[in-house]
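Please look over the model before reading on.

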Amino acid sequence: MSWFKRLTKNISGERKELPEGLWTKCEGCGEIIHRSQLELNLWTCHKCNYHFRINSYDYINILIDKGTFKEIDKKIRSVDVLNFVDTKPYKERLKEAMKKTGLNEAIVTGLGKMNGISVVIGVMDFRFIGGSMGSVVGEKVARAIEKAYKTKNPLIIVSSSGGARMMESALSLMQMAKTAAMLTKLAEARIPYISVLTDPTTGGVTASYAMLGDINIAEPGALIGFAGPRVIKQATGKDLPEGFQRAEFLLEHGFIDLIVHRKELKNKLVQILKLLLEK
């Protein structure tokens, strides 16, 4: 029965390949989204509101008024003081991460304005060794806190991290106490600190500055916790509740204050800052 067979090789002529990266599949619902549409929607799915991971400068462009951002401490970079080697030397990992991301570390810090309000901001970048917190990340966070203290401007930190950087051993763990102590100084001066938790925010970052905000805000669906769900399940031997460690679960149990869609994040932050800065 010939009507079930294609009589020509290609009805429309030569097959045209799509440029790489032009289309993206949503990990939440499977929707195929054009890159330009995704960018217009601030890298969130228009169908299910799934929030894609974005880099630090993308967040800065979303949150900070155009032309007002001034980066600080850009040249600080990690060194391999322990000569650490796992499947490859830590020195190589650092070089690869720098080449891949164009960053010197897993956080970008600076000063800028949000609807005219001066702020100090730090944005973590998961692309850089999983956004892990080593000595330099801790130092840059501490310096950002100090800058907020001296300028008396509110501090905003956007977290995206797998936790402490294992290649720096105890040196990375020390950053938890260091950053928490610095935030105490900020709190005593009554300078607002808002923490924004994105997917994922885990480990030592969660156990320190990420959960110490005067207001803790999460993006929808963000994974937030100390140990991961798989590790907890193995340790307890029990099945975990549905949605365990997701932003919605944490909001329901009082661990965070708000869940805000990325498209509404800047306006919500400005609204909160105005309330906190009122005298």
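**A buried charged pair**

Asp65 and Lys266 are both buried. The model is a predicted one. In it, these two residues form a salt bridge, with their closest N and O atoms 2.7 Å apart. The pair links distant parts of the chain, 201 residues apart. Asp65 lies in the loop between α2 (56–63) and β3 (70–72), and Lys266 sits in helix α9 (residues 262–277).

**Other salt bridges**

- The whole structure holds 15 salt bridges.
- Glu219 and Arg262 meet through their side chains in a salt bridge, at 2.9 Å from N to O.
- This pair also links distant parts of the chain, 43 residues apart: Glu219 is in the loop between β8 (215–218) and α7 (229–236), and Arg262 is in helix α9.
- Glu219 has a relative accessible area of 3%, so Glu219 is buried.
- Arg262 is buried too, because its relative accessible area is 1%.
- One network, joined by salt bridges that share partners, takes in Asp73, Glu139, Arg143 and Lys178.
- Arg127 and Asp125 pair in a salt bridge between their side chains, with an N to O distance of 2.9 Å.
- How exposed is Arg127? Its relative accessible area is 31%, so Arg127 counts as partly exposed.
- Asp125 is buried, with a relative accessible area of 0%.
- As a general point, side chains of opposite charge can pair when their charged atoms come close.

**The nonpolar core**

- The largest nonpolar core has 66 residues.
- Which residues have the most contacts inside it? They are Leu63, Met114, Leu155, Ile156, Tyr209 and Leu269.
- In soluble globular proteins, nonpolar side chains tend to be buried together.

**Around Ser195**

- Ser195 is found in strand β7 (residues 193–201).
- Is Ser195 buried or exposed? Its relative accessibility is 0%, so Ser195 counts as buried.
- Setting aside neighbours within four places in sequence, Ser195 has contacts that include Ile157, Ala210 and Gly213.
- Ile215, Asn216 and Ile217 are also among the contacts of Ser195.

How values were computed: Residues numbered from 1 in each chain as written. Predicted model: local features only at pLDDT ≥ 70, side-chain atom pairs only at ≥ 80, totals over all residues. Heavy atoms only, no water. Helix = DSSP H or I, 4+ residues; strand = E, 2+ residues; numbered from the N terminus. Buried < 20%, exposed > 50% of the residue type's maximum accessible area, 1.4 Å probe, protein only. Contact = heavy atoms within 4.5 Å. Core = buried A, V, L, I, M, F, W, Y, C linked by side-chain atoms within 4.5 Å. Salt bridge = Lys/Arg side-chain N within 4 Å of Asp/Glu carboxyl O.
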